[in-house]
Amino acid sequence: MNFETLMAFFGRNPMLSLALAGLTVAILYTEVARLFRGYKALKPAGLTALVNQGGTLVVDLSAIADFEKGHIPGSRNVIPSQFDPQGKLLAGAKQSPVVLVCRNGMASDAAAKKLKKAGFEQVYVLDGGTAAWDAAGLPLVKGRA
């Protein structure tokens with residue numbers, strides 16, 4: 001395929017060309033934003049390794065009912081609407097690793113941004129949330145811990 005053929009295709013298919021350009025820009029924006037967001041995403045195995053090093057605080061942002069259905073051992077539950085980087089749960093954890101977990105990995109991003117803005121140094125998000133943890137065959141604790 002040469003340049004003239006490609007340009008002829010774009011000329012004959014302007015909607016497909018615009019869709020391709022839009023998707024390309026969206027992918028580039030997402031990847032650049034991920035590089036500069038200030039916190040890291042962990043896979044379940046990475047979270048296990050981090051917790052085994054000691055001193056890691058795992059904060060579960062699930063609703064209370066979801067938390068009681070199953071959560072990562074040792075995690076502490078905070079409802080997203082009550083999440084406060086200056087609260088007593090996070091007091092003294094600015095230098096410690098803090099891992100944020102939610103049901104599917106979507107709600108943790110906003111909380112991670114708050115922590116980074118508040119000066120926390122080691123902020124992580126569990127990629128895929130508790131669902132990814134469970135899918136990896138790792139244990140979940142039921143009830144209020």
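## Close-up views of the predicted model

**Valine 25 is located in helix α2.** Helices (H or I, at least four residues) and strands (E, at least two) are DSSP runs numbered from the N terminus. The model is predicted, so that local features need pLDDT of at least 70 and side-chain atom pairs count only at pLDDT 80 or more, while totals for chains, interfaces and linings use all residues. Residues are numbered from 1 along each chain as its sequence is written, and side-chain values use heavy atoms, with hydrogens and water left out. Valine 25 counts as exposed because its relative accessibility is 56%; buried means under 20% relative accessible area, exposed over 50% and partly exposed in between (1.4 Å probe, protein chains only). Between the C-alpha atoms of valine 25 and glycine 70, which are 45 residues apart along the chain, the separation is 39 Å.

**Helices α1 and α2 cross at roughly 105 degrees.** The axes of α1 (residues 3-12) and α2 (residues 14-35) come within 5 Å. Axes are lines fitted to C-alpha atoms, for helices over the stretch in contact, and angles run from 0 to 180 degrees between N-to-C directions. From α1, Phe9, Phe10, Gly11 and Arg12 take part in the contact, and from α2, Pro14, Leu16, Ser17 and Leu20; contact means heavy atoms within 4.5 Å. By class, the residues of this contact are five nonpolar, two polar and one charged (Ala, Val, Leu, Ile, Met, Phe, Trp, Tyr, Cys and Pro are nonpolar, Asp, Glu, Lys and Arg charged, and the others, Gly among them, polar).

**Five strands form an open, parallel sheet.** The strand order is β1-β5-β4-β2-β3, where two strands pair if DSSP finds at least two bridges between them. β1 (40-42) and β3 (76-77) stand at the edges with a single partner strand each, so one side of each has no neighbour in the sheet. Helix α3 (residues 44-53) packs on the sheet and touches β1, β2, β4 and β5. The direction of α3 makes about 100 degrees with that of β1.

**Strand β2 pairs with β4 and with β3.** The parallel strands β2 and β4 are joined by four bridges, and valine 58 has valine 99 of β4 as its bridge partner. Two bridges join β2 to β3, again in parallel, and aspartate 60 stands opposite asparagine 77 in β3. Leu57 and Val59 point one way from β2, whereas Val58 and Asp60 point the other way; all are buried.

**Strand β5 pairs with β1 and with β4.** Three bridges join β5 to β1 in parallel, with lysine 40 opposite tyrosine 124 of β5. The parallel pairing of β4 and β5 extends over four bridges; here leucine 100 stands opposite valine 125 of β5. β5 is mostly covered, as four of its five residues are buried.

**The largest nonpolar core contains 18 residues.** A nonpolar core is a set of buried Ala, Val, Leu, Ile, Met, Phe, Trp, Tyr and Cys residues joined through side-chain atoms within 4.5 Å. Val59, Phe83 and Leu100 touch the most other members of the largest core. At least two residues of this core come from each of β2 (57-60), β4 (97-101), α5 (108-117) and β5 (122-126). Helix α5 supplies the largest share, three residues. A second, separate core has 10 residues, including Val58, Val99, Tyr124 and Trp133.

**Leucine 100 and serine 108 are in contact.** Apart from residues up to four places away in sequence, leucine 100 touches Val59, Leu61, Phe83, Ser108, Ala111, Ala112, Leu115, Val123, Tyr124, Val125 and Leu126. Serine 108 lies in helix α5 and is buried, with 0% relative accessible area. When neighbours within four places in sequence are left aside, the contacts of serine 108 are Leu61, Leu100, Val101, Cys102 and Val125.

**Isoleucine 79 lies in the loop between β3 and β4.** Isoleucine 79 counts as partly exposed, at 27% relative accessibility. The C-alpha atoms of isoleucine 79 and valine 59 are separated by 9.7 Å, and the two residues are 20 residues apart along the chain.
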